[in-house]
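Have it open next to you as you go through the points.

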Amino acid sequence: MTVRIRFFAGFRELFGADIVTDMSAGMTLISLVTTQTKKNPVGYAAIFDEKGAFREFVILMKNSKRIDIADAAITPVSDGDEIAVFPPVAGG
Amino acid sequence: MISIQTEDVDIGALINASKRYGTGAVVVFNGVVRDDDITEMELEAYEDVATQELALIAKDATEQFRLLHVDIIHRIGRLKVGENILIIVVAAGHREEAYAGSRFIIEGIKAGVPIWKKELTKEGGRWVPGEHGHGTRKTS
């Protein structure tokens with residue numbers, strides 16, 4: 001099973017534009033992002049707090065739909081999904 | 001036209017093309033790179049999603065304010081001070097709808113469309129903080 005995690009703005013500078021990775025069955029949005037970002041302590045600390053929860057400003061999307069960070073632990077990730085992780089937007 | 005692009009546009013041509021039967025007012029919003037002691041600005045978008053969301057904002061504005069025409073062009077890439085960042089052209093029967101529709105669109109973009117700006121300075125760069133964005137955390 002393969003998923004793509006995309007990063008934007010400051011998070012892109014920390015992790016690169018995307019990570020395409022194999023994943024095991026049964027992963028959730030938070031377990032996937034945790035696993036893939038923990039290798040980069042500075043980047044991890046930008047996204048997660050000391051308790052391992054998403055920082056409140058982090059915005060998540062799964063297949064172009066926003067996912068509330070409070071639902072990240074109950075949101076399953078499936079083969080082919082595109083996950084996006086980004087800081088607050090500032091267009092206009 | 002709804003577009004995220006690197007190229008600039010001819011605003012005059014957009015205004016002329018926006019006029020159709022029933023148009024009584026055209027409002028243009030033109031966001032530009034402000035000289036805040038920066039050398040340039042770098043803009044980045046989650047392009048597929050941002051384009052979809054701009055189209056949805058335009059549709060909502062059209063329905064809510066009875067707009068006759070909407071263009072939204074948001075530029076990305078590296079822009080110099082004074083260059084156009086965002087052009088919104090709204091045509092309506094009357095000025096009230098045109099002003100309100102234009103305001104609705106810019107506020108919708110600010111609130112959630114995945115686009116980011118980095119101000120480049122002689123010392124380096126700084127990401128412009130968002131006005132709204134939160135991943136939220138439900139309390140219930």
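This is a predicted model: local features need pLDDT of at least 70, side-chain atom pairs count only at pLDDT 80 or more; totals for chains, interfaces and linings use all residues.

1. Let's start with the sheet in chain A. It is an open one of five strands, in the order β2-β1-β5-β3-β4 (chain A), and its pairing is mixed. (Helices, H or I of at least four residues, and strands, E of at least two, are DSSP runs numbered from the N terminus; two strands pair if DSSP finds at least two bridges between them.) The edges are β2 (18-22) and β4 (65-67) of chain A, each with a single partner strand, so one side of each has no neighbour in the sheet. From one strand to the next, the twist averages 25°. Angles here run from 0 to 180 degrees between N-to-C directions, and axes are lines fitted to C-alpha atoms, for helices over the stretch in contact.

2. Residues are numbered from 1 along each chain as its sequence is written, and chains are lettered from A and ligands numbered from 1 in the order in which they are written.

3. Which strands does β1 of chain A pair with? Strand β1 (residues 2-7) of chain A runs parallel to strand β5 (residues 82-86) of chain A, joined by four bridges, and antiparallel to β2(A), joined by five bridges. As a reminder, strands of a sheet pair through backbone hydrogen bonds, either parallel or antiparallel. Have a look at A:Ile5: it stands opposite A:Ile19 in β2(A), and its bridge partner in β5(A) is A:Ile83. A:Phe7 stands opposite A:Val85 in β5(A). Helix α2 (residues 29-37) of chain A packs on this sheet, touching β1, β2, β3 (59-62), β4 and β5 of chain A, and its direction makes about 70° with that of β5(A). (Contact means that the C-beta atoms of two residues, placed from the backbone, lie within 7 Å.)

4. Now chain A as a whole. It has three helices and five strands, and from the N terminus on they run β-α-β-α-α-β-β-β. Its radius of gyration is 12 Å, close to the 12 Å that the globule rule gives for 92 residues, so chain A is as compact as a globular protein of that length. (The radius is taken over C-alpha atoms, and the rule is 2.2 Å times the number of residues to the power 0.38.) The C-alpha trace of chain A spans about 35 × 30 × 25 Å along its principal axes.

5. Chain B has three helices and eight strands, in the order β-α-β-β-α-β-β-β-α-β-β from the N terminus on. Its radius of gyration is 16 Å, close to the 14 Å from the globule rule for 140 residues, so chain B too is as compact as a globular protein of that length. Its C-alpha trace spans about 50 × 45 × 25 Å along the principal axes.

6. Chain B has an open sheet of four strands in the order β1-β4-β6-β2 (chain B), with mixed pairing. Here β1 (2-5) and β2 (25-32) of chain B are at the edges, each with a single partner strand, so one side of each is left without a neighbour in the sheet. The twist averages 5° from one strand to the next. β1(B) and strand β4 (residues 67-75) of chain B pair in the parallel sense over four bridges, and B:Ser3 has B:Ile73 as its bridge partner in β4(B). Helix α1 (residues 11-18) of chain B lies across β2, β4 and β6 (84-92) of chain B, at about 20° to β6(B). α3(B) also packs on the sheet, touching β2, β4 and β6 of chain B, with its direction at about 145° to that of β6(B).

7. Finally, where do the chains meet? 21 residues of chain A are in contact with 28 residues of chain B. On the chain A side, β3 and β5 of chain A each supply at least two residues, and the largest share, three residues, comes from β3(A). By class, that side has 15 nonpolar, four polar and two charged residues. (Ala, Val, Leu, Ile, Met, Phe, Trp, Tyr, Cys and Pro count as nonpolar, Asp, Glu, Lys and Arg as charged, and the others, Gly among them, as polar.)
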